[in-house]
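Here's a quick walk through one protein chain, taken a few spots at a time. Keep the structure open and follow along.

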Amino acid sequence: FREQPIFSTRAHVFQIDPNTKKNWVPTSKHAVTVSYFYDSTRNVYRIISLDGSKAIINSTITPNMTFTKTSQKFGQWADSRANTVYGLGFSSEHHLSKFAEKFQEFKEAARIAKEKSHEKMELTSTPSQESAGGDIQSPLTPESINGTDDERAMPEVTQNSEPRAEPTQNALPFTHSSTISKHWEAELATLKGNNAKLTAALLESTANVKQWKQQLAAYQEEAERLHKRVTELECVSSQANAVHTHKTELNQTIQELESTLKKKEE
């Protein structure tokens with residue numbers, strides 16, 4: 001019960017086609033509940049959505065994630081850990097804007113939590129003083145927002161240093177340097193992955209725009225044809241009115257002639 005929902009909405013869920021990296025594949029047959037969850041123990045924010053008992057979204061928010069609005073009712077973000085791009089289709093622009101606002105808010109909170117976690121890691125990486133019983137004081141660091149393998153490895157470093165009565169001065173700083181190096185390598189790999197996914201999404205959007213332009217041209221051509229047909233029908237209608245008027249005049253003339261003939265006969 002340490003993880004609780006803090007914001008929920010409803011949307012249609014999509015994922016990028018893993019084969020083409022261009023087309024969207026629907027993962028829900030209808031609109032489902034999409035929620036932000038907060039883990040107060042690990043200080044982690046996640047986006048979770050269930051379709052029945054199946055988890056169709058399980059994405060941990062990291063500081064380097066970006067939520068992009070691609071239309072008035074559709075938005076997407078790339079998750080390098082899940083190796084996919086998620087897309088959400090909302091019923092209105094208001095729901096999309098609210099979801100994007102929460103995404104930015106929790107992303108900023110994740111960034112701050114990550115910075116605090118790094119500060120604690122730096123504190124624990126310095127040589128600690130011996131306690132009264134001769135044990136090394138080395139508190140465990142909490143898991144960071146990203147939950148990378150490097151950060152999860154930090155508690156193991158502190159545990160291994162506890163049995164030693166006189167640890168060397170270079171042991172922990174060396175471990176910390178190696179951890180930071182691995183961390184930045186993971187960050188770089190994540191950025192490269194996100195860049196590739198965004199490039200694929202951009203190519204897909206360009207293809208969609210081209211298709212929409214073709215459809216628009218076809219609609220404009222059809223509209224022009226219908227406009228010409230309406231003009232033709234209006235001309236036929238005006239001719240029919242003229243014929244009707246002429247017929248009425250002829251009927252009146254016939255009636256007048258018949259009246260005149262009748263008078264002459266009398």
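## Asn194 and its partners

Start with Asn194, which has contacts with Asn64, Ala78 and Ser80 once its neighbours within four places in sequence are set aside. This is a predicted model, by the way. Asn194 sits in helix α4, which covers residues 171–265. Is Asn194 buried or exposed? Asn194 counts as buried because its relative accessibility is 8%, and the cut-off for that label is under 20%.

## The overall layout

Stepping back, the protein chain has four helices and eight strands.

The protein chain has 266 residues, and 32% of them count as buried. As for how the chain comes back on itself, take the contacts with a separation of 6 or more: residues 24 or more positions apart account for 54% of them.

## The largest nonpolar core

In soluble globular proteins, nonpolar side chains tend to be buried together. Here, the largest nonpolar core has 22 residues, and the ones with the most contacts inside it are Ile47, Ile57, Trp77, Leu88 and Phe99. Which elements each supply at least two residues of this core? On the strand side they are β1 (3–16), β3 (32–39), β4 (44–51), β5 (54–60) and β8 (84–89), and helix α1 (93–125) belongs to the list too. It's α1 that gives the most to this core, with five residues.

Not counting residues up to four places away in sequence, Ile47 touches Val34, Ser35, Tyr36, Ile57, Asn58, Ser59, Ile61, Trp77, Phe99 and Phe103. Two names in that contact list, Ile57 and Trp77, also turn up among the core residues with the most contacts.

## Ile61, a buried loop residue

Ile61, one of the residues that Ile47 touches, lies in the loop between β5 and β6 (68–69). Ile61 counts as buried because its relative accessibility is 0%. Ile61 also pairs up across a stretch of sequence: Arg111 is 50 residues away along the chain, yet the two C-alpha atoms are separated by 9.5 Å.

## The second largest cavity

How many cavities of 30 Å³ or more are there? The count comes to two. Let's look at the second largest cavity, which holds about 30 Å³ of space. Its lining is made of Thr66, Gln76, Trp77, Ala78, Val85, Lys197 and Leu198.

Strand β7 gives the most, with three residues. Sorted by class, the lining comes out as four nonpolar, two polar and one charged.

## Loops worth a look

Two asparagines have backbone angles to check. Asn43, in the loop between β3 and β4, has a phi near 60°, a positive value in a residue other than glycine. With a relative accessible area of 29%, Asn43 is partly exposed. Asn83 is found in the loop between β7 and β8, and its phi is positive as well, at about 55°, although Asn83 is not a glycine.

Then there's Lys73, in the loop between β6 and β7. Lys73 is partly exposed, with a relative accessible area of 43%. What does Lys73 touch, not counting residues up to four places away in sequence? The contacts are Leu88, Gly89, Phe90, Ser91, Ser92, Glu93 and Leu96. Take Leu96 from that set: Lys73 and Leu96 are 23 residues apart in sequence, while their C-alpha atoms are 5.9 Å apart in space.

## The annotated coiled-coil stretch

Back to the part of the chain where α4 runs, residues 171–265. For residues 202–236, UniProt lists "coiled-coil region", and the entry is unreviewed. In this model, the span is 100% helix and 0% strand. From end to end, the C-alpha atoms of residues 202–236 lie 51 Å apart.

Key:
Residues are numbered from 1 along each chain as its sequence is written. This is a predicted model: local features need pLDDT of at least 70, side-chain atom pairs count only at pLDDT 80 or more; totals for chains, interfaces and linings use all residues. Side-chain values use heavy atoms; hydrogens and water are left out. Buried means under 20% relative accessible area, exposed over 50%, partly exposed in between (1.4 Å probe, protein chains only). Contact means heavy atoms within 4.5 Å. On a 1 Å grid over the protein atoms alone, a cavity is a set of points where a 1.4 Å probe fits but cannot get out, and a pocket is an open set with protein on both sides within 12 Å along at least five of seven lines; lining residues have an atom within 4 Å of a point. Grid points are joined across faces, edges and corners, and a volume is the space filled by probe spheres set on the points. Ala, Val, Leu, Ile, Met, Phe, Trp, Tyr, Cys and Pro count as nonpolar, Asp, Glu, Lys and Arg as charged, and the others, Gly among them, as polar. UniProt positions are given in the numbering used here, feature names are shortened, and annotations may be inferred rather than shown by experiment. A nonpolar core is a set of buried Ala, Val, Leu, Ile, Met, Phe, Trp, Tyr and Cys residues joined through side-chain atoms within 4.5 Å.
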